[in-house]
Amino acid sequence: MSTGTAGTAARPTRPFATVSPRTRTRVPLLVTAVLLVAMFTVGSVRYEGFLSAQVGLNLLIDNGFLLVVAVGATFVVLTGGIDLSVGSMVALSTVLTAWLVESQGRPLAAVVPLVLLVGAASGALMGWIIHTFEIQPFVVTLAGMFLARGLCYTISTESVTITDPTTVALAQTRLYGPGGLFVSIPVVVALAVLVLAFVVLHHTRFGRTVYALGGNESSARLMGLPVGTTKIAVYAVSGLCSALGGLLLTLYMLSGYALHAMGMELDAIAATVIGGTLLTGGSGFVLGTALGVLVLGMIQTFVNFQGTLSSWWTRIVIGALLLVFIVLQRLMGGRRPAAG
Amino acid sequence: MVSPSTPRPPDPGGPRPRPVLEARGIHKQFAGTVALDGVALRLFPGEVHALMGENGAGKSTLIKVLTGVHPADGGTLLVDGRPQAFADPLQAQRAGISTVYQEVNLCPNLSVAENILVGREPRRFGLVDRSALRRRAAELLRELDLDLDVTAPLGSHSLAVQQLVAIARAVDVSAKVLVLDEPTSSLDREEVAQLFTLVRRLRDRGAAVLFVTHFLDQVFDLCDRVTVLRNGRLEGEYPIDRLTPMTLVQRMIGGELATLDQLSGRARREAAARTTGEPFLRARRLTRAGAIEPYDLDIHAGEVVGLAGLLGSGRTEAARLLFGADSADGGEVGIEGEKVRLRTPRHAIARGIAFCSENRKAEGLVGELTVRENIVLALQAARGWTRPLTRAKQDELARHWIETLDIRPADPEAQVRHLSGGNQQKVLLARWLLTAPRLLILDEPTRGIDIGAKAEIQKLVARLAGEGTAVLFVSAELDEVLRLSHRIAVLRDHRMVATLTNDGSVTPERILTTIATGADS
Amino acid sequence: MTHQPPRPGPVAAIGRRLGGHHLLWPTLTLLALLLGNVAFQHDFFSVRVRDGHLYGSLVDILQFGAPLTLVALGMTLVIATRGIDLSVGATVAIAAALACGHISTSARPGSVTTVLTAVALALGVAVVLGLANGLLVSGLGVQPIVATLILMVAGRGVAQLITGGQIVTVTSAPYKMIGGGYWLTFPFAVLLATALVVLTALLTRRTALGLLIESVGGNPAASRLVGIRAGGLLALVYVFSALCAAVAGLMISSNVSSADGNNAGLWIELDAILAVVVGGTALTGGRFSIGGTVLGALIIQTLSTTVYTLGVPPETTLVFKAFVVVVVCLVQSPVFRAKVLRRRGRTTPRPRSTADAAPHQQEVRA
C-alpha cells in the first residue's frame, strides 16, 4: 500500500518517484493556484469588467453552497471513500425546507436544525452500513442518492417557490464592505464552514485520524485508532455539509425542487480532486478544495463573460481538468496499483 | 494440552521476577484448521526473547493472539500475573503490549511526529497542539538516540527509519512489552545494527522484547531466550546459550533425523548421470534487490533440483525470478544455451516453464471458477481467447487429470475453493502438467496438505523427472527435498550458500549445518 | 477482516438443491413483480396483434427495457473484471447526439446510407471513448470508478456541444426503425437487443473470452502467473461497454426521434449497475451471468412500469431502487451473511440445509 511496504509483487514504475512526498502532495495544489491566477489574468485582459473585486466575490456568492458540499466531500475522499449522495441530499434539503416553510408554515428557525439533523443522520447511516458490512462506499451512497432524490419527489414533484418573508429577507440580505462590495449570508456561512473544516482536519484528533485512515486503514486499526467511528463520522459530516449546502442553495434559489443540484456530486468530487486531494485518500487540503471550487466557478464566469461560449463548455472543461489532475496524481505516485 | 516434551529452562540467574506476559495453553482454530494447539510463552522484563518456527508453526497466529488482533479460542493470557482477554489491538496496547510489524504499519502520509503520537496527540483547548506534538516526538526520538526531521512525512524516510519510528511509537505507547514481528526482513546490515542498538537499550531499561525473525545470526546476536514452535505446538523454551545454530534449526524443522537415512537411493544413484551435459536452464548472477543476492543455478532435463533453506532465506524469491513472476535486477538466464529475458510469466511460459506458487489461494487458483476451468486456464491463456478449447476437449482434459491425480471430489464442475488443500494443489499441478512443461517450478507444493496427498505429489514429481521434465522443488521440509532431489541448493539469509550433489554423501546433518552456518563443511 | 472463506449459506444450499441455478432468484423476483401487476391491471399479460404489430404491457417492458439491457450487458463484462463504467450514460448521450446530428444535417435524412453512416459514426466514436477509459484503467492503473468518472462529467457537455445545446429532432424512417420500428411483428429494438445479447453470450462462452475475463476479475494475481494478458482484456471490456451504450443511445434517440444531450440516458449507468448486481454478478468481479443481467434489466424496467401503473409519481421508482440496491448488496456482502444469516441459522436451525451442508463438506475434505 505504501511506499514502505516490501511486497514481492513488482512495484509500479513511477516517473516522478524521486519527488519527495511533501512536494508530491503540494504540486497539484500549486498547479490549481497558478491556474486560478492565470484564469483571472486572462479574463481581466480579455473581458471588460472582469478585473473587479466584485467578480471575485460573485464567485463566492454563486458557489457558496458548492463550497460547503465540496468541503464535506473532502472529508470522505480523504479517508479513501466516495459519497455519491451529496447532490441528491442537497436537493432533498431544498425540497424539505421549502415544503416545511411554505406548505406547512413552520418557522425557518425550527426547520434549519431539522434539515441539518436529517442530513447528518442519513450520512451516519450510510457510513454505518459501509463500515459494518464492508460494502463499497460508492454502492451504498448510490442507494442514498436514489433514496434522497426519490424522497424529493414524494414530497413534491413541482418546484416550491418560497415566499416566506423571513427566508426571503435572509436571502436578500447583502453585507456591504468597503467600496460598495458585498457578499450574501451564504458566503459568510460557507467561509465559516471552510475555516471550521480546516481546524477540524488539521488540529483535532478526529481530523488526524481521517488522514491516518486514508493513508493506510489497516495500519490505523493496528495503531488502535477508532476506525469505525471515524468512518461513520466522515459520512455524517458529508451528509451534514450537504444538508447545509442545500439550505444555502434554497436561499440562493428561493425555491425547493427535486431537480436542483443535478450532478452536484460530480462537481463536488471534481473540486476536491482539482484542489489536490488524492482520490485514493490520505493526502489533500480542504483549502485546496476551496481553490477547486473557485476554479469551477471561474470556468462558469468565463463562459458567462464570453457570450459566444455555451454553458456546456463548463462541463467539458471540468472533465478535461479532472483528466489532467487524475493523470497527474497517478504519475506523481498514486499508491494503489490497479486490479490486474 | 501443553506439549509433553517441554523442557523447563533452568534459571541460571537465580529466582526470576514474575513474567510480565505469560500465555498458557493457547488454542486457536481457523475454519477448521488448528493453528495453535496448547502453546505457552513466558516473557520476563529485561529480556529479548526470540520466537522461532517454520512456515505454519503458528508464530504469526500467536503474535496476533498476544496483541489482540485475533482472540484465542482457549487458554489464558496473564499480564503481570493477572488474566486478560483482548478484543482488539487497542486493549492489548492499553495493557502494555505494543507491536511493530514486518510491514511498517504506520501511515506514510502523516509526519513522523504524528505517526508516533497519533491518537495520543498533546492537546490544548481541545485542539492538537502542533508545536508540543513536534517537541514531544523529537524528545522521544532523542531518548532513543535518533535524530530525525519529525515534520517530514514518514514516507520520505527509508524503511529502516520507518521501522525505528514504529518502535518509537510502540515504546511511547508502552515500554512494558514490545513485540517485534520480523522487523529486519527488509533492512540492510547497518540498519539492522542500528535497530539492535535500540532494542538493547530498551531491554536494559527493563522492557520485555519478543523478537520474531528468520535470521539465525540475529537470534544468537540479540536474544536471551528462545521459544520454538512447530506445527502449531510448543516445541520448547531454551536459554540461547544452551543452543547452537545446528540444534536450533533441528528443533525448528524437527523430524526424526534417524528416519531420514532410510531414503530411497534412486535419486542419489541417478544424480551423477542427470547433471552432466547442457542444462535446460542456466542462471548466472541472477538477482533482485532486497529479495535474493546474485546466484548461479543449472537445471538439467530430468533433474530435480531442491531449494533448501529456512523460511525467509530467499528460496521463494530465487524461484520466482526463474518464472518472471518478479523481474530480476541483474544477471542472466539461458535456456538450452540461448540467452533469454524472463520479464513476465508469459515469457517464461512460452519457454516451457511452469510455476506453482506457494500461495495457492492468492496466486494460484481462481476460487470461484470450477475445477475444469482452473485446470484448462494456463493452456487456454497460452492459446489466447480466439482459439478456445472446445467444451468436449475441456471435459476430457479435466476428467483425465482428475483421474490421473485422483482429485476429489471427482467433479469437474465443483468450485475449486470448496476443495481441500491437497486437492487444490493437485488442480494447480494439473493446470501446468497439461501444458507439458519442460521445467516445472514447485514452491512448497506439499505445505498444508494431508499425508496421503503429499506422498502422491512426491511420487508424481519423481515420475515427471523420470520422464525428462526438469523440476525445481522448493520445500521447507528437508526429508522430502532429500528424497526427491538430485541436487540441492542451500539458501541462507537471501544468499545461495552451497549446491550439494545428492550422491549419498549428503546427510540431513550436512544440510542443516549448511543452513545453520552458511557453509558446506 | 473475515478470515474464513465464505461458505455457501443455507439459502444458497437450498438454492442448489432446487436445480442449483444462479438465475433462480432473479427469475422469481421478475415473476413476482409481473404477477403483482396483474392485481392492478387485469389485462397485464394480454398481448394483442394490431396492425401487424405486437402490443401489450409485456411488449412495452421488453421494448423500453432494450436500451437498459444493452448498457447492462456491457457493464456486466466490465464488472466481471472488478471494474465499473460510470461513463455509459454520457456515451449514450454522445452517440445519440452524433447520429441525430449527422442525420439532421444531411441532405437526405431518409436514405439508408445516411442512417448507416450515422450509426457507424456513433459506434466509431464510442470505440474511441471506450479505449480512452480502457487505457486509463489498464495502462495508467487509475481506479475504474475514477477513470470513468472523467467521461461521466465531461460527456454530457460533449453531447450538448454536438447538438449545439438544442434537442435535435430527426425525421428519418430508417433511423426510426432502430428504436421504434417493427420487424416481423416484433419491435425491432427487442430483436436487436436479443441479437446482441445472444452474440455476446456466444462470444464469451463459445470462445475463451468469458473464462479469461472471469479469471482476471476473480484473481488478478493468479491470472498474471497463468500468463493472461489482462491489459488487452481490460481495454476490450471498456470498448465493448461503450459500444453497447452507443447502440442503446441510438435506440433511445430513435424511439423519440430526437437527441437530448442533457437527458438521453440520464442515470442509465446506475440502472445498469443495478441490473447487473440484481442479476447475480458480484461487484467484486469474477463470475458473470449474462442471463442474470437480462433478467435484472427486465426487473428494473418492470419496476418502473409497475410504479407507473400504480399511479404514484414515476420518479418515486428511485426509492424502490434504493431499497433494491441495499438489499441485494447486503445479501451479497459476506460480512452481512456471516453476521445476520448465520445468527438466524443458529437460532432457528434448518435441519435440511445443515444436513445438506455437512456431508458435502466431508466429501470434499476426504
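## A walk through chains A, B and C

Start by selecting H9 and H11 in chain C: Leu212(C), Ile213(C) and Val216(C) of H9(C) meet Ala230(C), Leu233(C) and Val237(C) of H11(C). Contact here means that the C-beta atoms of two residues, placed from the backbone, lie within 7 Å. Helices are DSSP runs of H or I with at least four residues, strands are runs of E with at least two, and both are numbered from the N terminus.

Before going on, a note on what you have loaded. This is a predicted model, in which local features need pLDDT of at least 70 and side-chain atom pairs count only at pLDDT 80 or more, while totals for chains, interfaces and linings use all residues. Residues are numbered from 1 along each chain as its sequence is written, and chains are lettered from A and ligands numbered from 1 in the order in which they are written.

**Stop 1: H9 against H11, chain C**

Keep that pair on screen. The axes of H9(C), residues 209-218, and H11(C) come within 11 Å and cross at roughly 105°. Axes are lines fitted to C-alpha atoms, for helices over the stretch in contact, and angles run from 0 to 180 degrees between N-to-C directions. H9(C) and H11(C) are therefore roughly perpendicular. The cut-offs are under 35 degrees for roughly parallel, over 145 for roughly antiparallel, 65 to 115 for roughly perpendicular, and oblique for the rest. Colour the contact of H9(C) with H11(C) by class and you get 6 nonpolar, no polar and no charged residues. Nonpolar covers Ala, Val, Leu, Ile, Met, Phe, Trp, Tyr, Cys and Pro; charged covers Asp, Glu, Lys and Arg; the others, Gly among them, are polar.

**Stop 2: H3 against H8, chain C**

Now select residues 57-80 and 188-205 of chain C. These are H3(C) and H8(C), packed at about 25° with their axes 8 Å apart. That angle makes H3(C) roughly parallel to H8(C). The crossing of H3(C) and H8(C) is left-handed, the term for a near helix turned anticlockwise from the far one by less than a right angle (clockwise would be right-handed). For side chains to show, H3(C) brings Leu62(C), Gln63(C), Ala66(C), Thr69(C), Leu70(C) and Leu73(C), while H8(C) brings Ala189(C), Val190(C), Ala193(C), Leu196(C), Val197(C) and Thr200(C). The contact of H3(C) with H8(C) has 9 nonpolar, 3 polar and no charged residues.

**Stop 3**

Follow chain C out of H3 to Leu86(C), in the loop between H3 and helix H4 (88-105). Is Leu86(C) buried or exposed? Leu86(C) counts as buried, because it has 26 C-beta neighbours inside 10 Å. The cut-offs are 20 or more other C-beta atoms within 10 Å for buried, 12 or fewer for exposed, and partly exposed in between. Leaving aside neighbours within four places in sequence, Leu86(C) is in contact with Ile145(C), Thr148(C), Leu149(C), Met152(C) and Glu269(C).

Next, select residues 112-139 of chain C, helix H5. H5(C) has 28 residues and reaches 39 Å from first C-alpha to last, close to the 40 Å expected at 1.5 Å a residue; the expected span is 1.5 Å times one less than the number of residues. Just after H5(C), Gly141(C) takes a positive phi of about 70°.

Zoom out to the whole of chain C: there are 16 helices and 6 strands, and 52% of its 366 residues count as buried.

**Stop 3: where the chains touch**

Show chains A and C together. Here 42 residues of chain C are in contact with 41 residues of chain A. On the chain C side, H6(C) gives the most, with 13 residues. By class, that side of chain C has 29 nonpolar, 9 polar and 4 charged residues.

**Stop 5**

Most residues other than glycine have a negative phi, and most peptide bonds are trans. Go to Glu182(B), which has a positive phi of about 45° and lies in the loop between strand S9 (177-181) and helix H6 (189-204) of chain B. Glu444(B) has a positive phi too, near 50°, in the loop between strand S19 (439-443) and helix H17 (451-466) of chain B. Finish at Arg408(B) and Pro409(B), joined by a cis peptide bond with omega about 0°.
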